[in-house]
Amino acid sequence: MADQFIKAITKNKYFRTFAVNGTNLVHQAAQIHETSRIAAVVLGRGLLATTLTAQAVLKGEETLSTKINGRGPIGNVVVESDAKGSVRGYVTNPNLETLINEAGQLDVAKAVGKNGFLQVTKFAPYSDPYIGQSQLVSGEIGDDFTYYLAQSEQTPSVIGVSVYMNSDDTVAGAGGFLVQALPDATDDATDEAIDQLELALKNMKPLSEMIQERYTPLEVLEEIFGKGEVEILQTAGIGLAAEPSKDAYAKMLLTLPASEIQAMIKEDHGAEIVGKFSGKRYFFTEEQLSEILKQIEKNNE
């Protein structure tokens, strides 16, 4: 099944909701970064949670950047997404050795840590970035995004994300959901709807099991609200964002001081650029750097 997300609303008009199947994109990201088993799960959860949040808060050409720094051994979890379903990310330590909790499961919370913050930055054309931040509450990522949305938007929200791994440390399945109360659902008269949602979330089949059983995004939402209780508003594909080309990196080099390019030529006899989000390597020879240096000096005139 191709990766996709759906945007929906409940039939009672109390909740808007999103669900995503991101198996392919998490699998590809794990391969690109050559992640360990636990790093694949952490990165995958970050990709999914950011994608869901982006769909909930972005429009048009806006983009979203999230950064989790819980001071755990995985380091930073950095993800960028846009309103069109493109996403990319990385973790500082993709080779982290497996950590197991008392229940015998991967200890994501210990890998991420919770002595830190989730920072969310929204970029919009022709305006200053909006930066929001909240303290981490668990290090499980889904809970931390849930807390951020509740704090930033003052609206009851919940995000659930899960990544299921094969025995050979490849990604078998990945997906998640976001549920957010609409304004009418926060009235006193509809407190019962909130209570029913909380009960449904508590009693529903674990998301990890639904991912293993290959539930579709719609089936995940129907597990929460009931069959036939969700109306799909939009269905779209999602995937990894394209990596900048070598020409794009050359243009970035043009923004550096001439002295830095000169040092690359004289001391390093070239330059290698490694994309943080893709791991791809681009090498610029002395001759190529000399041409870039000439252009910088011409621009400075």
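**Strand pairing and helix packing**

Modeller: Ile273 stands opposite Tyr282 in strand 13. This is a predicted model, in which local features need pLDDT of at least 70 and side-chain atom pairs count only at pLDDT 80 or more, while totals for chains, interfaces and linings use all residues. Residues are numbered from 1 along each chain as its sequence is written, and side-chain values use heavy atoms, with hydrogens and water left out.

Biologist: In which sense do strand 12 and strand 13 pair, and over how many bridges?

Modeller: Helices (H or I, at least four residues) and strands (E, at least two) are DSSP runs numbered from the N terminus, and two strands pair if DSSP finds at least two bridges between them. Strand 12 and strand 13 (residues 281-284) pair in the antiparallel sense, over 4 bridges.

Biologist: Which residues form the covered face of strand 12?

Modeller: Buried means under 20% relative accessible area, exposed over 50% and partly exposed in between, with a 1.4 Å probe and protein chains only. In strand 12 (residues 271-274), the uncovered face is formed by Glu272 and Val274, and the covered one by Ala271 and Ile273.

Biologist: What is the order of the strands in the open sheet of 5 strands?

Modeller: The pairing in this open sheet is antiparallel, and the order is 8-9-2-1-10. Strand 8 (157-165) and strand 10 (230-237) each pair on one side only, which makes the edge strands strand 8 and strand 10.

Biologist: Which strands does helix 4 touch where it packs on the sheet, and what angle does its direction make with that of strand 8?

Modeller: Strand 8 and strand 9 (residues 171-181) run antiparallel and are joined by 9 bridges. Helix 4 packs on the sheet by touching strand 8 and strand 9, and its direction makes an angle with that of strand 8 of about 160°. Contact means heavy atoms within 4.5 Å; axes are lines fitted to C-alpha atoms, for helices over the stretch in contact, and angles run from 0 to 180 degrees between N-to-C directions.

Biologist: Is Thr146 buried or exposed?

Modeller: Thr146 has its place in helix 4 (residues 142-153). Not counting residues up to four places away in sequence, Thr146 touches Ser157, Val158 and Ile159. Because its relative accessible area is 17%, Thr146 is buried.

Biologist: Which elements are included in what covers the buried residues of helix 8?

Modeller: The buried residues of helix 8 (residues 246-253) are Tyr249, Ala250 and Leu253. The cover over these buried residues includes helix 9 (258-268), strand 12, strand 13 and helix 10 (286-300).
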